[in-house]
Amino acid sequence: MENKTQYWKGTEELNREPEFVQLSKNEFAEGLPLEEVLSESDLNLSSNRRDFLKYFGFSVSAVALAACNKAPVKNVIPYVVQPEEITPGIPNYYASTYKNTPVVVKTREGRPIKLEGNTKSTVTHGGLDAAGQASVVTLYDSKRLPLPMKNGERSKWAVIDKEIKAKLAEVNAKGAAIRVVSGPVSGPATQSIINDFKAAYPTTKHVVYEGISYDGIYSANEMCFGKAVIPTYRFGNADVVVSFGADFLGTWLNTLQYTREYTTKRVPTKENPVMSRHIQFEGNMSLTGTNADYRFPLRPSQEGQALMSLYNALAKGLGLTQLATPTKLEVAGNGVEESAKVLLNAKGKSLVISGSNDPYIQSLVNQINLMLGNYGQTIDLDNYYLQRGGEVSFPEFVKEAGSLGAVVFLNTNPVFDTAAGEQLKTALAKISLTVSTAYYADETASVCQYVAPNSHFLESWNLTEVSRGKYSFTQPTISPVFETRQAEESLAIWSNNAAITNNTFNYYDYIRSYAKANIFNQSGATNFDAWWNESLHNGVFDLPVLTAQVPSNNVLASDLVSKINTKVGTNDLILYTKVGMGDGSDGNNPWLHEVPDPVSKVTWDNYLAVSKYDADAMGIEQGSIVSITKGSATVENVPVLVQPGQARGSFAIALGYGRTHGVKETIGINMYPFVGMENGTATYTIADVTITKMDGEYELAQTQTHHSIEGRDIVREASLAEFTHDAGAANDDKLHNQREEDGKLFNLWKEFDYKGHKWGLAIDMNACTGCSACVVACSLENNVPVVGRDEVRRRREMHWIRIDRYYAFRTENNAYVTKEDDYDEMADHQNVKAVHQPMMCQHCESAPCETVCPVLATTHSSDGLNQMTYNRCIGTKYCANNCPYKVRRFNWFRYNDNDKFNYYMNNDLGKMVINPDVTVRTRGVMEKCSMCVQRIQAGKLNAKLEGRKIKDGDITPACAQTCPAGAIVFGDMNDETSRISKEFANERAYQVLEELNVKPSVRYMTKIRNVEVTKETTAQH
Amino acid sequence: MSYESPIREPLVTGGKTAGDVTADICRPLEGKTTKLWWLGFGLAVICLCILVYTLAISSFRGLGMWGINKTVGWAWDITNFVFWVGIGHAGTLISAILLLFRQKWRMSINRSAEAMTIFAVMCAAIFPLFHMGRVWIGPIWALPLPNALGSLWVNFNSPLLWDVFAISTYFSVSLLFWYLGMIPDLATIRDRATTPIRKFMYRFFSMGWNGSARTWARYEVVSLILAGISTPLVLSVHTIVSMDFATSVIPGWHTTIFPPYFVAGAIFSGFGMVLTLLIIARKVLKLESYITIGHLDAMCRVILLTGSMVGLAYITEFFIAWYSGVEYERYAFLNRMAGPYWWAYWSMMTCNVISPQLFWVKSWRRNPNFIFFMSIIVNIGMWFERFVIIVTSLHRDYLPSSWVMYSPTPTEIGIFIGTFGLFFTFFFLFARFLPVINMAEVKSILPHKPHADSHEEVHTPQ
C-alpha cells in the first residue's frame, strides 16, 4: 500500500514557494559551480586531465629512454664460420709443455683457462706444481708486451726485423763478436734454431746461464765422469735419502718427478709396513726439510765438514781409506753417524745429494754415492735429466760485454737475476746491437734497443726434451692474443733461414721436420703422420730408455779435501728460491705472490729467516727490520721472520723478489746482487754477512700465525715401528665408549640415507709434502680472487683449500713441547718437526653451518656435499663462525672490477682466464670448497650421455688432479670398489675433530714417521 | 590516591598534589627549549651523522671496512647488538613484570625506561641489519613471506631467524605498550596546549581521549594484557639472542647457561642505563620528588641481585669448563683469563662482579653520584662481557692454524658511537616533547593528605 505520508524538506516546499519549484526542476538543487571551473583565472589546479596525460606520457617515455641509455651495449658476435671442434660450453683439451713439465690445457671457446699435469708423462705422472698451475694467468697479463719495441717505443715487426738483420750483418762483417744469451735449452728444435743462427753469423757464440745455477753439479760430473750432465735421480729406488740442503721436493731440479717417486716410498701399508728413511741436513727450513724423518740443522759453511765426516764414516764401515781432514770435524750432532749407519745398510738403494753449487762439494758427494754403489741404481747419468749447453760461461760474457758487437737475450733477464746485473747494464749501453725476446719489458729488455716479445707458451709450438729421450710437445691453444712472435721464429728470421716466406717463418714445420729426422726415426713407428698426430695428442713421446751404467771415476776424494771450504765464519746467508716465485721471472703473476710459502706461510714478500737464538741475541723479533751487507752489496728494510729449525748462525732470504721492470709494482727485495762467485761458479751460500737491526717494524702477511698444535688431537702421528706393530697405532680411540656397534658415534639425530653417490675425500699426510699446488689449482678452477698483501694481513685471504703447517718443538731430551707459553720460553727452536695438513670444507653430514644460516643458503645435497648457494646468501657470517674447521671465506669487498684489487679480475683481458662453469661471487656472500661440484656435475652428465654409471676416476676435483704426490683421493663412498672406500677402510684413516660428531666426509691418514722411538716423554701429538 | 603503609618510604615526596604532578611534569615540555637541551641534542645529532656516514661506508664499500676476518666473523657488530638489546630489557621488566607484581614504585620510572627500551632496540636492530653482507636484500629474505619460488622458506632452525621474530616482536609490543600508556598524559598536555601546532599534534596522538570512567577501565585492562604479553618477552628475547651463541659448536659459546645468564645480564645492564639516564633527568628536570632516592635504592637492589646472578654464572661457566674435561672448553676459558685479551676479561670481571657487590652498603646505594658512576661501570662491564664472549671464543677455536687477533677499525668504532647518537637524539626529543613520567599513574600513588585529626604525616629524609 502506498505510503501516503509525505514529509516535506522545509516550509518552502510546503508552501510551494516559486524559487523552490524552480530549483526542483534542476538535476542538482544547488547548481554546479560551472563558472569557477570554466573561468581560467580561477584555476588553481596545476594541471587538468589533458595536461596530466601529457606529463605522464612524457615521463614514461623519458624514463624509458633514460633507462635505455643506461643499459650497457654488449656485442654478441656469432661465429661466421664455426670452428669445427668448438661446441660452446664443452671444453677442449690439448697437450702442451710448461717449462719442463708436460701439461694438458683445458680450453673453453678458444681460450685456455686451466692447466693440469699430463698423466701420460713417465716423468711427472700427471702432477703439476703451484707455479705451473699459476702460469695460465700470465697469458692474460696486461703487463705483457703486445708489440715489438724499438728504443722504448712501440714499433712494427717489419721495421725491427729489417734493422736487426742489417745490424747483425754489419757486426758480422766487422768480425765483432755476437752472443746469444739464453737459459738451458731443453728444446732440441730451439737449439737447432740457435745453431742455424750461429751458422748464419759465425762470430756468434751461445752463452747459457741460469739465475739459479746448477753449474756445480755439471762441473762435478764433468770432472768425475766426463759427462757434463745433471743425472736423473731415482727416488723411487732409494730406501734412504740423505740430503744436504737440497730442497728436492720444493725447488731443486725436477721436483715433480722426485715428489712422485719419493712418495711411492713414503706410504706404508699394513701388508707392507716399510718406508724410506729421509734425513735432511740444512740451515734454512725448506719444504723438503719439513718432510724429513730426521732433520739436522747445519750451517752451509759446515757442509763441507759434514760431508767429509760422512765420507769417512762410510769409508770406515766399508773398509776403505778415510780422508785426511784438516781438523777434527764435529758437526750436526750425531747426524752424520746416524746417516752413515742407515746408508751402509742400503747400499745401492740410497741417495746422497747436496744443494750446493760448489763443484768440489758435488764431487765429494759423487764419491760418496760411488762408494755406496748408487750409480746405475738411484743415479742415472745415461738417462740424464739435463745436459750442459753453451760455449761461453756467463762470467766470461760479463767480462767481455763491453767489447761485443751484438747480444740477443733469448728469454733471459740477467740484469735482474745475476749479481753482475748492474755491471752488465752499463756494458750493454756500449754494445751496438742489443735485442731481447722478453715477454715483459723487464730489467734487461728495458735497456735493450730492440725487444721482440716472445709469445706465451700457450700460444706457441715447441718441442721439449724433459729428460733424455723423453719428449713433450707444446701446441698453441689460442692464436696469439697480441702481435707477439715466438723467439725461435724471430731468431730464424734474423738468420735469414731458407724456409722463410713473406717474412714469416713456420716453426711448426721446422719442428715437424726436426722430429721426423731425429725422433721418429728412432721410434720404431712406420707412418710419420700417424706418429706425429698421436704424439701431439698424447703430448709426450718416449724413446727407449738406456741402461744406466756405473761410470768410471776420474777423481780422487783425497784431492778434494784441500778444495773444500771448512772455515766457519760468522753469519752464513743462504739465498734460496721459493716454491711459488722461483727465480722471479714470473714476478707479475699475482698467484705466485698470493700462494703462501709452504714453510713460513708468508705471502707477498721475501724476508730474512732468523733462528730464535740469534734473534734474541741480536735483539730482533718477528716484525723487526734489518739491513744486510756483504762487500759492496747492501739492502735495507728487510723484514725478519723467526724461523723454527733455522740453524744458529745461518740466515736465509729468497731470491726472485724486488723486480722493478715489467711488473705492476715492486714486491720484496732483490737479493741477486748478493749471489757470490767462486772459481767461476755462482754460490748461493754467502759467508760473513753483516746484519744490523734498523728502526721500524714490518708486519709480514702470513696466512697462519699460530704454529703449534697445542697438543690437540688434530694431527695424529706414530712411528713406523709402532705402525708395524699395529696399523691403527696413531688412532688409539679415545671415543670408544661412545661408539655404537657399527663404529659410528652415538647420535641424537636421524641419519640420512644416501641412496646414490656419497662423495668424499681422503688425504694422506704421509704423501702430502706441502707444496701448495692444490691451493693454486683450486683457486684457478673456482675463480677465487687474489686479495693482496693488506687483506692477507687482515686475515682475509680467500683460499678455499689451505695447508696447515704445524711445528712440534722438542727439548734437548726430545720431549714434545706443544703449548705456546712453553715453547716461547725455549732458548732455541732447532729441534723441530713439522707436518702439513691440507684443510678444506669437510662436507659434514651434520654440518654446523647448515643449521644456522637464516635463509638456507647452505644446504646438504643428496650425494653428500655441503652446498653453497651464492645467490641466496645474505652474508650474516654465522656459518663461518660455526664452522669448527674455519674453511669458509667471505667476500669482504668486491674483488673484481675494483681498482683497489687491481689484479687479473680488474681488466677484460685478465678476465678471460675465469672458469665459466663457476659463478664469480659478489661482495657480501660466503664461499667455500664445493668439492668442485662443477666437475662432479660434468662427470655425471658425461656418464649419463654415454648411458653408463660413473666409474671411479671419472671425476677428480682440481686439488686431487694436480697433486704431484697423489695425496688427495676423491671418490664415491657408496661404491665399495672405489679407491676411496679402500682408503677409508684403512686403519690409518681418521676424522679431524671426530668428537664433535659433525661427521665430515673428508678423512685423513695418520702421519707415520720413520723414526727410531728413543727415550721420549709421552708424545702429545 | 592510594594508601601506603607509614613504614614505607613515600613514593612521591614533597607533599605533591595532582595539580603539582601535572605542573611539574609538563613544565619541561611546555617551556622554552633550554640551552642545555640544545647542547645535548646537538651532540647527539652529530653522533647520529657519524652513524649515517659509517653505515653508508659499510654498505657501499663492503664489510671489509670493518676489522672482522675469516676467523672472527662477528666482533663489535654483534657485541653492540647484544649490548643494546640487553639494555632494553630493563624497561620491559619495569613496565611489565613490576606491574604484574604490583610494585607501585615502578610508576614514576616506567615511561622513561620504556622509552629507553624502544630507542635501545632501534639501536640494536641496526646491527643485525648492517652486519649482513648484502644489506639491500637480506632483511627481506629473512622474513618468512610466502613467494612464488616454491615457496622458498627461511630456515626455522636458525637462531638468527628467531632473532628476527624476537626483536620485531619486542619492538612492536614495547612501542605499543609505551604509546598506549602515554595516551592519557598526551590528553592532559593537549588540554593545556596553547600553540596551534601543539594543539594539533597532541590532539592527534591522544586519539580523542576523554578521560571517562569507561575509557579508564579499558586502559587498565589493556595495560594488564600488554603487560602479560611483555612479561615473557623479558625472558624470551634475550634467551633467543643468547641462542645465537649457545646453539653453536664453538667452545666458549656452546653452553646451556647462556639463556638465564644473558637474561640476568640484560636486566643488570638495563637497570644500569636506566639509572644513568634518570639520575641526570631527575636533576635537570627537577623531578627528584617523583624519582626519589627510594626509587634509586630499589633499582640498585635489582642491580645487586642480577649482578650477583651474573657473577655466579661466570663462576659456574668456569667450573663447568674445567669439570667437563673438554680440552677445547678449558682452553677457551684459560685463554680468556690469560690470553691476549686478558685485559677485556678482567675489565669485565671487576666491573660486573665486584662493582654490584658494593651496593650492599645502604649509604652507597642511596648516593646518586656514586650510583651514577657505578651505572656507567656496569655498562662498560657488560659491553666487555659480550666482547669477551664473542671475540675471545672466536679468535682461538678448534684448529690453531686459524687463530687470529682482531681489532676494530674506525668505521666500527664510529658505528658504535653513532648508535649512542641515535639513542640520545631520540631520548632528547622524548624529554623535550613527551612527559617523562606517567602522570596518570603517579597521581594514583600520591600519599594521603593527613586529616587534621588523623596520624602524623610521616617524614622521611629525601
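Reader: Why does Phe165(B) count as partly exposed?

Author: This is a predicted model, and the values are computed from it. Phe165(B) has 31% relative accessibility. Buried needs under 20% and exposed over 50%, so Phe165(B) is partly exposed.

Reader: Why does Phe156(B) count as partly exposed?

Author: Its relative accessibility is 44%. That value also lies between the limits of 20% and 50%, so Phe156(B) is partly exposed.

Reader: What makes Arg336(B) lie over the face of Phe333(B)?

Author: Arg336(B) is 4.6 Å from the ring centre. The distance limit is 6 Å, with CZ also within 35 degrees of the ring normal. In chain A, Arg796(A) lies over the face of Trp892(A), at 5.1 Å from the ring centre.

Reader: Why are α12(A) and α13(A) called oblique to each other?

Author: Their axes cross at roughly 40 degrees and come within 9 Å. Roughly parallel needs under 35 degrees, and roughly perpendicular starts at 65. The two helices are therefore oblique.

Reader: Which hand does the crossing have, and which residues meet?

Author: α12(A) passes α13(A) in a right-handed crossing. The residues that meet include Ala306(A), Leu310(A) and Leu314(A) in α12(A), and Val336(A), Ala340(A) and Leu343(A) in α13(A).

Definitions and conventions:
Residues numbered from 1 in each chain as written. Chains lettered and ligands numbered in written order. Predicted model: local features only at pLDDT ≥ 70, side-chain atom pairs only at ≥ 80, totals over all residues. Heavy atoms only, no water. Buried < 20%, exposed > 50% of the residue type's maximum accessible area, 1.4 Å probe, protein only. Axes fitted to C-alpha atoms, helices over the stretch in contact; angles between N-to-C directions. Helix = DSSP H or I, 4+ residues; strand = E, 2+ residues; numbered from the N terminus. Parallel < 35°, antiparallel > 145°, perpendicular 65-115°, else oblique. Left-handed = near helix turned anticlockwise from the far one by under 90°. Contact = heavy atoms within 4.5 Å.
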